[in-house]
Amino acid sequence: MKKLFSISILIALLAGCKKDLTVSDPDHATAASFWKTATDAQQGVAAIYSTYHRPGLCRWLYFMTMVRADEGYSTSPNSDIVNVYDVFNITDYNDGQITTVYQDDYIGINRCNQVLDHVPAIAMDAGLKQQLIGEAKFMRGFFYYNLATIFGNVAIKLHEPKPGEYPPTKPQDSVFAQAEQDLSDAAAALPAGYDGANLGRATKGAAYALLGKCYMQQRKYAQAQAAFEWLVTGDGKALYSLMADYRENFVITAENNRESVFEWQNAVNPNDTHDDDTQPGTSDNLNYGTSIPPFFAPSPVGFTDGQARRWPVWEFLKEKTVDGKRDPRLAATFLYDSTDQRGPAFTLAYGKHWNSLGLATDPSVPHGNSNEVCFRKQLDDVDSTVVGEVFHSGNNYRYIRYADVLLLYAEALNAQGQTAQAYPYVDQVRVRAGLATLSSTMPGLSQQGFLDQLKHERITELSGEGHRWEDLARWGDLGTGLASRDPGFAHFKAGRDEFMPIPQFDLDVNPNLKQNPGY
């Protein structure tokens, strides 16, 4: 079903229609030649989904949200990766490690704007039209959420660009407000679910969940609670629950399961040669997958350009399950010398034992070391026949899981002084992992004590999923105080490094844009 969604729909736009439509700038095709039929509307929305497979979002976004945070670091031979994502040493504001995510967000926004400008006038089934407009609103909300959390202060564009238009920089709060408006509109328009052929499209639950995340980043806890309630206690409650096996949330054989709120639909195109869906051409050589696995996999399977810190491992070891075993989420989260708790002679990585990978044992060797910890959730090592990761993995990215929603809902309740009412939602997450309930092990926590424990719960449940940076920002924890567990933060400059710099090429062409503070 994933392949039907990712390939058959996208090929129709990105291959079959490229003769008539330049995807990077559909204005080159006039409204007279496109945006006339329901098929055009569907293809336009498919182009938005295709944005998730571009290099900024399917690769470098993970570095921005994981490696740049205190859960990750880099010893890559590519100094740009280390400087931009690990040690906060950015000197080139046009560095591709920065600009690709920024560009892809705006490419996505432009595609959303075209749908929203043209589809309302197309004569077609009213229900389908409402759905497609809702999908475009959802994804525009996502792109602005992404810009707000990473770049902070950016231009807001709500229509197709016109010559001579130079939208000004808007503050982060305004960018979040636009995302919230789009997601509110999407929640009202989108269905709760789809049939198998359309599985993976944005849903009402996805819109409410991302809306709640927007409110959480602004510490608007009552509004966040209201948004999350649709999934947790409201009309959508029956649609979501936690998978019994935590690992099933990250393997290709259990995609779009009941815990998935929204995931990026990846697929393998055996004929792919590139991941730039703005390239013209008549052949379908586009990557429909994600290219992140080789960058996170251990040597010699991958490059290990981004690694996990060792300290999160210790968080998993603070508690045992009710039957005295290790937290099973640890093995699902990291690939390292003791993924199998019996040690490197038993730990399997791509069909080989850890100690037979040929990794360096000298601790002074910074890269390709046997002590490295690899983020596992984006890897394909579940298949022991895989001997090398590829740039077109078909494993979906579970962008929002129900467990994330439960923990955020508990955080929103606690922030409003409803700590006792927040316990059951954390308990659900812990019980699935085999741990005792928080209600029984730590009853009666203060509001601050509960938040401190929630920080631990989010590490053990969500490490390596791209949420750590936004967590640290929301809690006000970004700063040099993190250097004790992530030395890269010794270089963090408050008032600057909370955001990435705006690419210089955009500043050069738009006189109304402003660079972020400190750059």
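Reply: Helices (H or I, at least four residues) and strands (E, at least two) are DSSP runs, numbered from the N terminus. This is a predicted model, where local features need pLDDT of at least 70, side-chain atom pairs count only at pLDDT 80 or more, and totals for chains, interfaces and linings use all residues. Residues are numbered from 1 along each chain as its sequence is written, and side-chain values use heavy atoms, with hydrogens and water left out.

Me: In which helix is the place of Asn146?
Reply: Look for the helix that holds this residue. Asn146 has its place in helix 6.

Me: Is Asn146 buried or exposed?
Reply: Buried means under 20% relative accessible area, exposed over 50%, and partly exposed in between (1.4 Å probe, protein chains only). Asn146 has 5% relative accessibility, so it counts as buried.

Me: Which residues does Asn146 touch, not counting residues up to four places away in sequence?
Reply: Contact means heavy atoms within 4.5 Å. By that rule, Asn146 touches Leu57, Leu61, Val101, Asp105 and Phe151.

Me: At roughly what angle do the axes of helix 3 and helix 6 cross?
Reply: Axes are lines fitted to C-alpha atoms, for helices over the stretch in contact, and angles run from 0 to 180 degrees between N-to-C directions. The axes of helix 3 (residues 55-67) and helix 6 (residues 126-150) come within 12 Å. They cross at roughly 35°.

Me: Which residues make this contact?
Reply: Two helices contribute. Helix 3 brings Leu57, Leu61 and Met64. Helix 6 brings Phe143, Asn146 and Ile150.

Me: How many disulfides does a search of the whole structure find?
Reply: A disulfide is a pair of cysteine sulfur atoms within 2.5 Å. For Cys214, the nearest cysteine sulfur, that of Cys112, is 14 Å away. For Cys374, the nearest is that of Cys58, 19 Å away. The number of disulfides found is 0.

Me: What is the relative accessible area of Cys214?
Reply: Cys214 is buried. Its relative accessible area is 0%.

Me: How many of the 13 residues of helix 2 are buried?
Reply: Helix 2 covers residues 38-50. Among its buried residues are Asp40, Gln43 and Tyr49. Helix 2 is largely enclosed by the rest of the structure, because the number buried is 10.

Me: Where is Gln453 found?
Reply: Gln453 is buried, with a relative accessible area of 10%. It touches Glu319, Arg430, Leu438, Met442 and Leu445, not counting residues up to four places away in sequence. Gln453 is found in helix 16.

Conventions: Expected span 1.5 Å × (residues − 1).
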